[in-house]
Amino acid sequence: MPHPNDPKLRSFIDVAPDSHFPIQNLPYGVFSAKDGLAPRIGVAIGDYVLDLWQLAQDCRFDLVEPAVFAASQLNPFMALGPKVWSSTRARISELLRHDNPELRDNEKLRKRALVPIADVTLHLPFAVSGYTDFYSSKEHATNVGVMFRGKDNALQPNWLHMPIGYNGRASTVVVSGTQVRRPRGQLKPPTAEVPSFGPCKRLDFELEMGVVVGQPSVMGEMLTEKQAEEMIFGFVILNDWSARDIQQWEYVPLGPFQAKVFATSISPWVVTREALEPFRLHGPAQEPKPLPYLQQAQPNNYDMALEVGLRAAPMNAPKNISRTNFKYMYWSSVQQLVHHAACGCAMNVGDLLGSGTISGPEKDQRGSLLEISWNGTEPVELAEGVKRTFLEDGDSLVMRGWCQGDGYRVGFGEVEGTILAAG
């Protein structure tokens with residue numbers, strides 16, 4: 001049987017070449033439809049959602065009980081482990097192949113199992129057990145360091161030796177399309193003698209990828225590179241909304257807190273690690289050489305195009321303000337997970353690891369407005385008479401990402417959020 005990643009595979013469902021959801025992808029999500037049934041697990045294929053619960057009810061899977069696909073979160077499925085993930089994806093691929101009549105010619109089952117994406121509501125795809133955000137783009141860290149500490153002291157001494165991160169809040173991770181209310185907090189501009197409390201005035205986004213942990217680790221034990229890789233179920237696009245002025249006042253000495261916990265948006269589709277396998281490559285050379293537990297024997301970065309569109313309230317459509325690539329990340333997702341567990345921290349099914357802002361070496365590859373507007377000194381022109389340094393109420397931010405194959409794309413769809421007034 002052909003491997004699900006085979007670029008020659010075709011589905012009996014028509015899929016446009018620029019679609020994010022060809023048969024080589026098959027990302028998982030949670031959806032509800034007009035049938036009134038509870039949210040359940042599906043897979044995106046072209047312009048449709050394949051209802052896995054309907055297929056399981058019809059005895060089309062050997063290793064997964066229908067109740068797993070009837071769940072309103074991916075966690076029970078992820079807990080079954082990598083062998084089941086792989087075999088299930090292979091079975092879905094087989095059912096969708098253009099030359100397999102099993103689903104193609106079964107009109108009754110096909111009508112039950114294939115639902116137009118336009119007719120469904122997409123939900124948060126998994127229950128987030130814990131959320132950790134890293135700071136792993138050398139370009140981003142350098143840009144921020146130059147802004148606030150000067151060129152000679154841009155990177156802190158520890159940055160080149162380990163993935164830097166902090167624990168965020170799982171409770172405010174939301175799915176694409178969720179509106180984001182402007183946060184309030186303590187503010188103290190450099191010119192003020194004492195802080196005040198009020199709405200954030202320098203609201204920003206951060207373009208990131210999120211790692212979805214699908215297997216647990218044991219408290220007190222370290223992970224090898226191979227173990228960490230096998231724990232990763234898949235990836236989502238992640239927008240780490242950031243209140244820069246709140247962060248500026250609070251981050252010394254313990255780092256971000258209120259500036260980061262009000263909302264984190266993720267895409268509704270989880271693209272599996274296996275689907276991204278053809279696009280793996282080595283990341284940037286790491287100098288100095290990391291300590292032995294962080295050294296990598298294989299390529300753990302991905303050639304993944306990313307873009308950000310900003311639509312100000314007066315505009316009809318978003319304008320792209322950043323185009324970059326996940327391959328630029330200095331610390332890989334595997335290294336982040338290895339380091340996270342290195343002290344003995346137990347990882348859980350459903351943990352989410354943010355990559356940190358993804359910026360490239362060029363000006364148009366910066367992954368935050370803080371960098372794009374250079375801390376507000378270089379406004380971005382979006383349309384005639386419309387400029388931005390930071391986000392304003394009514395602004396909508398859209399992120400997209402995909403890996404380009406030979407005649408097909410393995411993509412994530414998008415993650416979108418619109419800013420509401422603080423109220």
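The largest pocket holds about 830 Å³ of space. This is a predicted model.

**Largest pocket**

- The lining of the largest pocket is made up of 32 residues.
- Nearest the centre of the pocket lie Tyr 135, Val 144, Gln 247, Tyr 251 and Pro 256.
- Four elements each supply at least two lining residues: β6 (131-134), α7 (138-149), β7 (165-167) and α9 (244-250).
- Helix α7 gives the most, with 5 residues.
- By class, the pocket lining has 15 nonpolar, 10 polar and 7 charged residues.

**Cavity**

- The largest cavity has a volume of about 40 Å³.
- Its lining consists of Glu 229, Ile 232, Phe 235, Arg 273, Arg 280, Asn 300, Tyr 302, Ser 333 and Val 334.
- Two elements give two or more residues to this lining, namely β14 (232-239) and α10 (333-341).
- Sorted by class, the cavity lining has 4 nonpolar, 2 polar and 3 charged residues.

**Helix α10**

- The buried residues are Ser 333, Val 334, Gln 335, Gln 336, Leu 337, Val 338, His 339, His 340 and Ala 341.
- Ser 333 and Val 334 are also among the residues lining the largest cavity.
- The cover over the buried residues of α10 includes strands β6, β7, β13 (207-213), β14 and β22 (352-354), along with helix α8 (225-231).
- Among these covering elements, β6 and β7 also supply residues to the lining of the largest pocket.
- Strand β14, another part of the cover, gives two or more residues to the cavity lining.

**Leu 276**

- Leu 276 sits in the loop between β17 (271-272) and β18 (280-281).
- Leu 276 counts as buried, because its relative accessibility is 0%.
- Leaving aside neighbours within four places in sequence, Leu 276 is in contact with Phe 235, Val 271, Tyr 302, Met 304, Cys 403, Val 410 and Phe 412.
- Two of these contacts, Phe 235 and Tyr 302, also line the largest cavity.
- The C-alpha atoms of Leu 276 and Gly 234 are separated by 8.6 Å, and the two residues are 42 apart along the chain.

- Strand β9 runs parallel to β26 (residues 409-420), and 2 bridges join them.
- Arg 181 has Leu 420 as its bridge partner in β26.

**Salt bridges**

- Arg 40 and Asp 35 meet through their side chains in a salt bridge of 2.6 Å, N to O.
- In that pair, Arg 40 is buried at a relative accessible area of 3%, whereas Asp 35 is partly exposed at 43%.
- Arg 60 and Asp 58 form a salt bridge of 2.8 Å, N to O.
- Here Arg 60 counts as buried at 17% relative accessibility, and Asp 58 is partly exposed with a relative accessible area of 28%.
- Arg 400 and Glu 307 form a salt bridge of 3.8 Å, N to O.
- Arg 400 lies in strand β25 (residues 396-404) and Glu 307 in strand β20 (residues 305-311), so this pair ties together parts that are 93 residues apart in sequence.
- Arg 400 counts as partly exposed at 25% relative accessibility, while Glu 307 is buried with a relative accessible area of 12%.
- Salt bridges that share partners join Asp 58, Arg 60, Arg 91, Glu 94, Glu 102 and Arg 112 into one network.

Definitions and conventions: Residues numbered from 1 in each chain as written. Predicted model: local features only at pLDDT ≥ 70, side-chain atom pairs only at ≥ 80, totals over all residues. Heavy atoms only, no water. 1 Å grid on protein atoms, 1.4 Å probe; cavity = no way out; pocket = protein on both sides within 12 Å on 5 of 7 lines; lining within 4 Å. Points joined across faces, edges and corners; volume = space filled by probe spheres on them. Nonpolar A, V, L, I, M, F, W, Y, C, P; charged D, E, K, R; others polar. Pairing = 2+ DSSP bridges. Salt bridge = Lys/Arg side-chain N within 4 Å of Asp/Glu carboxyl O. Buried < 20%, exposed > 50% of the residue type's maximum accessible area, 1.4 Å probe, protein only. Contact = heavy atoms within 4.5 Å.
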